[in-house]
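Please examine the sequence and the structure shown below.

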Amino acid sequence: MMELFVLVPVLLAFLFCLIFRDKRIRSTGYVSVIASLASLAMVIYMALFLQQGTQSIDWFSVGGYVFSLQVTSAHINMMLLFLVALISPLIMIYSLGFFEDVSEHRRFYAEMNLFAASMMLFSISANFLSMIIAWEGLGITSYLLIGFWYAKSEAARAARESISIIIIGDVAMLAALIILFNAYGTTSFYSISAQPISYPLYAAFLLVVLAVLTKSAQFPFSGWLPKAMEGPTPVSAFLHSSTMVKAGVFLLILFIPVLLKLGLLPVILLLGAITAGIGVLNALSGKHIKRILAYSTLEDLGLMLVAVGLNAVFAAILLFVTQTFYKALLFLDAGSISRANGEEYDITKLRESGGNRLIFITAVIGVLSIAGIFPFSGFLGKVGLEVSANSIYTYIFLVLVEIGTGFYIFRWLFIPMKNSGRMEIKGKLKSTPVSMILPQVLLALFVIGGISVYFFLPSYLGIKSLSLSYLRVIAETIFAIAGTLVAYYIYRRGQTVKVSKGLFVFVHSIDGINWFYLKFAAFIEAISKFLGFLDYFVYMLFYLFGFLSLWVGKRLRNLVNGNVNMYAAWIAIGFALILLALVFRI
Amino acid sequence: MMYFLVMIALLLAGVLIVSASDRKLSRQVGILFSSIALAIALVMLVEYLHGGTVTYSEAIPYISSFGIYIQFYANQFSIPLSLLAGIVTLAALIGGNPMREKEKATTALALLFEASAIGLFASGNLFLFFIFWDVGVIAAFFMISYLGSGNNHASSKTYLFYSILASALLLFGILLIYFYMPVRSFSIQAIEAGSALIPPSIQTAVFALLFVAFMIKMPVFPFHSWMQSAYSDASTQGSMLIGGVLSKFGAYGLLLLFLMLPIAKVYAPYVIIIAIISAFYAAFNMLKKDDMKRMVAYASMVESALILAGISAIGIFGEEGAIYGMVAYGLGIALLFLSVGSIEFMFGSKSTKVLRGVVRDAASTAYAFLFGIFAATGVPLTGAFIADLLIFIGTERSFGLVGLIPLFSIVIVGAYLYYAAEISIFDTKKGMDMVRYESGHWNPAYALLVFAIIAIGLVPYFILGFR
Amino acid sequence: MIYQIVMYGLPLAIAALAIQGFGLARRNGKYTTLLTGIILSAIAVIGGLALYRNYAFYEIGGFGGSPALFRVDPFSALFVSVISAVMVIILLISNEEEEKGIFNMFFSLVAVGALVVVLSDSILTLMLGLELVSASTVLAILNGGKRRVEAAVKLFVVSSIAISIFVFALSLVMPYTNGFTIAPISMGGISDALLSLSAILFVTGLAIDAGIVPFNLWMADVYEGAQGNITALLSGVNKKVAFIAIFYIFFVVLALRVSMFAPLFEVLAIITMFFGNLMAMVQNNVKRMLAYSSISQAGYILLGFAVANIEGLSAAFFQIIAHMFMTVGAFAVVMWLAEKNINEVGEYKGLFQRNMFAGVALTIFMLSMAGVPPLMGFVGKFLLFSSAIGTGMLILAFAGIINSFISIYYYGKVIAAMAEGTDKARLHMRIGLGLAIGLCLVVIVVLGIYPQPLISVVHNSVLSVFN
């Protein structure tokens, strides 16, 4: 029960946002910040003092079966909960400054608090029933937040596209829950993990993997994530990089033993690799400051799936934890920079620092981390993966991704830097308030300090650590620096701003997926058209009866022609007919 | 113990008083009577959840030559469904007549319909069931033909034609049951106890007759042609009541049929196939529709198919899921129809081709529509989630993975409703101006429906707590 | 005391009616109508008293040892009362007749004829009563002026044929009756062929008046051509009297061979129902449509005769009473509209707006004819179909139910037209007409909601004659 209290502050803040109608003061924002800090305090208390264990709360019962919500304080769940609770106040504080138009606060904070509550519930849930509540909550809050600026057609469209992908996963997850419940009478993660291989288990986990693919934006459902960048930057930083999209990955990490049993890991490895490839290739040529980061997130998520597919639990967790910090940081930087440049998102038209050295410094820290340069925490994930690679092909793939990452992320940094010296771009830079700088600085500190997770997480979670040889670390850093140097020579030293299209033929691979979607939509439309025709046919079929009756009626009407002789004749005919009938019966 | 009788008598008195009262007062009087009825239903809910026993009201002799009594059941079906009828009618009375035209007729018909719905859901014998059925059908007919708009002349005739076919078949089936029972009786209780002795050929005939009748009313695939035009041309109140409550007449009847006739178990596999076809048929037909009311109509047809799937999965899960579905989907569909009706009132159109940027000037309506989508797609903590869960646990139990197929029709429904929301409601780039300014009088109705949807989504005990 | 009133009052009142009928020929003025009305009401009350006291049986006439001519029993008391009441209502709607005195004369004579038929204890008085009814009706139509001549002549031709066939039929069985008494004839000496021939002739003769296919083709022409109130009379009284005659002949006089004729009635019932409904579907003139609807109602009534047991017969007579009120009420509204030159379905558009009372009343009459609960027509059909199913005549019942479904097509057409919007001026109704329509409405609704008293009364009445 204790775990659920974490949700209370944010839910109260949500209700406050609903009820409190005054738009003039920033009360909703402050209340939300306080609520998220309260949650953080509770999480820290729990992580330190609460025993690991699972509690269930009965929700309802049908026919002797009890449907209960299970929550757990297992350390791996505490880890995710802590990450969420740590990021959430930072984002809330950042948003105070980010949203200049105070009238938007109420709606924004209401949706944000609802999201935070869903994410926290997801973190602590220990059975499918409580998980699915959080899971679908994530879906709809993501929908609402992507479409937050619905005045832009693109935002409304992106929101709809994301929800129409995510709803597939929601339904698949519900179906999985139902199959598991019917097969085992329980939906608890732990008892299901312990089940032997069976047909329902296989069916259910195929559906779970499907749901994960939609929520974590993996191939072939990866299209919605880059578009989701139409949402406000705090949303991108919170939902679409550091927390929500990783919910699926977290679920896979929890179920690695089951997936191993069922032999689904190679599939996950393959899909993850494809997604990572798509992410890197698209990030190489992007111009939208946030969309490059979104493709980078696709890559990160893909790599996490690769780690899961390699059955490398610790590598996956390292990537999972460190990615949270550096990706949130980079998004906040991107938000600050573009805001300072007057809501400009094109990296070829931006100036890097946004008028504040702290923004630049934190951005550099984030970039170094994501590229995987040694002392910054991001390198842990990269090296962990490369250590876990099970074949030479995997290794080569990972190295290529690594080099690509170094290249595109420095491109992301260098092009705006170069712009600062160029003459064409003029205009006063907007100053960035403290409420936005502070979270960035804190996150940069977390990125640097994140290196420590390597040392205490294995014992905290009770999993096997990775042995990292110096050779591996050095090799990894060299690859990262190689990518960086290419970017340096092209974009910092050279004059090139655009990537030559000829060089990167696969850049537009995302279009291929879109083509597939369009064909699928056309197919659905064709079915719909056919059924629409059938619908009309069914409608007419019923009317055929009516027409037939009318036709008979019209023929009969000729009998009644106003001629009384005919009537008398029919009396005689009727009499004769009855007589004949009776005669032949007697 | 006479709650139901009091409720129905009160509502019928309300009909008379509204007909006799001043035109300006009629809406208030209607709301008053409907609220009292809802309050009685709530009292009953609380009482029965406390007592926990299923009871039958006293039998008042009615037509003694056929052994027909006026008798109402207070049980796990009648109480939730009367709450549904009460809530939807109250919401319809508050917000369903934005034009304030023909107020007396509107209010009187709504109260008459509520009385018939409550009577039907609580009736203890099939004769009363039939009477209330037809009263509801006729009341709804006038909501289309007299209060409706658009092409209502033709669509009301289509509706009436289908409905009377349904009641004709229903009457024949009921009479067959009565005369072939070992001891002639209309009482549902007695039929449940003694129907095993009805000869199988007669049972099959009865099943076929009643099944078709209920399919028409739900509506389910080959008998749905009346639906889209009727839902679309009815007044807002009419669409709410027809989509939210009247379609549940059929669903409830079908549930009773499956409980009453043992032979139904034999046909259950065919029924689930019909449910699958109907769900996807409706979902695919929903695409390409630009009339938002038609869109919602097909969404409600999908949900009817889900209820049908739940009923076909004989057993506690299917049964409870079906009841839950009737209440939860009914509320959700009523909310969707109410918001679409309000949009039509304010912007003078209900076509997604014309409507743009509703949220800019009519935020509460826009969010009500959005919440309606959530409720229709079964987002957790709305009632429909538990309905989906229970229904498909039931079907999976009975039919294996095949039973899960209809669940995926929700994807299509959700995707298309979100699409409609995107282009007509949220994309404010080309926002259009209102034709009539919002008076906001439907906000309490939204609040009522949203509250009810969340209440049953959070506390399933309200509906499942009777055993 | 009541015994004396019935014993002496009934014949006296009928005699008074007849005398004043003949005596009024030269008078014009309101008080003739008043007088007729008072006498008819008195007869209705006396009939009601007889029914109330439940006098089993007594005979009138039979002077000097000859067989009795009239008798009073619960059955005849019931119909004396009902027919007089209906006649009073028709008198109310015929307030605007030009030649009042003459009209009242013919009207009184129709009433006398009808009462004679109902009360007759001898086939001869029965025949005379029938002749009086049709002859006076012909004259009453002629009273309407030159444009009514065609209808009058047609009616005259067919009723002459009818009566001559009847006489011929009677002559065949005359030797076997006990001095023409309406009592079962001895089957000793009579051959089957002779019996069958006379039965067919009886059917033919009576079916012409009762409106059974194919002997009824004259009907729509005459109904349309006659004045509105006469149409109501034809449909509400003349036809029903013919059914009572069929009842006396086949279920009393030829009662021992009833099983022989029942299949004949079954076939005729099915044909008549389909004919009436299919013809009504293609009509645009509402009066003509109602004429065909009344033919299909004859089919339903015959359905009860085909069942040929006490349930079927009492159902048929319940339906006869129901239809009397429905049809008189409906024709009253139609007549009133015809006066405003509104005849076609298309012209009924917007009646709800133009006169709410007339619209609602016509709707209720039509719904009642279509068999929608809780109206009297439904109860009648329910009794009829259940009697058929109870006897195992499933096909007959199914035909009836399908027909009651078909009938909604044309009733719905009118109702939907009335519900449409219009901008034409309001219509005003005179008080007498409104009162008459209101009376019919009250009967239809009250006895529809609580039919048990009438069901028992009809059942007991029929039982007193048929056993």
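## A strand pair in chain A

In this predicted model, A:Thr54 stands opposite A:Thr72 of strand S2(A). Strand S1 (residues 54-62) of chain A and strand S2 (residues 65-72) of chain A run antiparallel and are joined by eight bridges.

The hairpin formed by S1(A) and S2(A) has two residues between the strands. In this hairpin, A:Gly63 adopts a positive phi near 55 degrees.

## Two packed helices in chain A

Two packed helices are described by the angle between their axes and the distance between the axes. In chain A, helix H2 (residues 27-49) packs with helix H4 (residues 105-124) at an angle of about 15 degrees, and their axes are 9 Å apart. Since angles under 35 degrees count as roughly parallel, H2(A) and H4(A) are therefore roughly parallel to each other.

The crossing of these two helices, H2(A) and H4(A), is left-handed. On the side of H2(A), the contact is made by A:Thr28, A:Gly29, A:Ser32, A:Ala35, A:Ser36 and A:Ser39. On the side of H4(A), the contact is made by A:His105, A:Arg106, A:Tyr109, A:Met112, A:Asn113, A:Ala116 and A:Met120. Divided by class, the contact of H2(A) with H4(A) comprises seven polar, five nonpolar and one charged residues.

## Where chain B touches chain A

How many residues of chain B are in contact with chain A? There are 41 residues of chain B in contact with 38 residues of chain A. Several helices of chain B each supply at least two residues to this side, among them helix H11 (264-286), helix H13 (316-347) and helix H17 (409-426). H17(B) gives the most, with eight residues.

By class, the side of chain B that touches chain A has 28 nonpolar, eight charged and five polar residues.

## Where chain C touches chain A

In the contact between chain C and chain A, 24 residues of chain C meet 24 residues of chain A. The elements of chain C that give two or more residues to this side include helix H6 (149-173), helix H10 (258-281) and helix H16 (394-419). H7(C) gives the most, with six residues. The side of chain C that touches chain A has 19 nonpolar, three charged and two polar residues.

## Helices of chains B and C

Helix H6 (residues 152-180) of chain B and H16(C) cross at roughly 160 degrees, and their axes come within 9 Å. Angles over 145 degrees count as roughly antiparallel, and H6(B) and H16(C) are therefore roughly antiparallel to each other. The crossing of H6(B) with H16(C) is right-handed.

Residues of H6(B) in this contact include B:His153, B:Leu160, B:Phe161 and B:Phe172. Among those they meet in H16(C) are C:Phe398, C:Ile401, C:Tyr409 and C:Ala416. The contact of H6(B) with H16(C) has 15 nonpolar, four polar and two charged residues.

## The two domains of chain C

The domain assignment divides chain C into domain 1 (1-253) and domain 2 (261-467). Their C-alpha centres lie 22 Å apart. Across the contact between these domains, 37 residues of domain 1 of chain C meet 43 residues of domain 2 of chain C.

Which element gives the most to the side of domain 1 of chain C that touches domain 2 of chain C? H9(C) does, with 13 residues. This side of domain 1 of chain C has 25 nonpolar, eight polar and four charged residues.

Key:
Residues are numbered from 1 along each chain as its sequence is written. Chains are lettered from A and ligands numbered from 1 in the order in which they are written. This is a predicted model: local features need pLDDT of at least 70, side-chain atom pairs count only at pLDDT 80 or more; totals for chains, interfaces and linings use all residues. Axes are lines fitted to C-alpha atoms, for helices over the stretch in contact, and angles run from 0 to 180 degrees between N-to-C directions. Helices (H or I, at least four residues) and strands (E, at least two) are DSSP runs, numbered from the N terminus. Angles under 35 degrees count as roughly parallel, over 145 as roughly antiparallel, 65 to 115 as roughly perpendicular and the rest as oblique. A crossing is left-handed if the near helix is turned anticlockwise from the far one by less than a right angle, and right-handed if clockwise. Two residues are in contact if their C-beta atoms, placed from the backbone, lie within 7 Å. Ala, Val, Leu, Ile, Met, Phe, Trp, Tyr, Cys and Pro count as nonpolar, Asp, Glu, Lys and Arg as charged, and the others, Gly among them, as polar. Domain bounds come from an automatic or database domain assignment. Two strands pair if DSSP finds at least two bridges between them.
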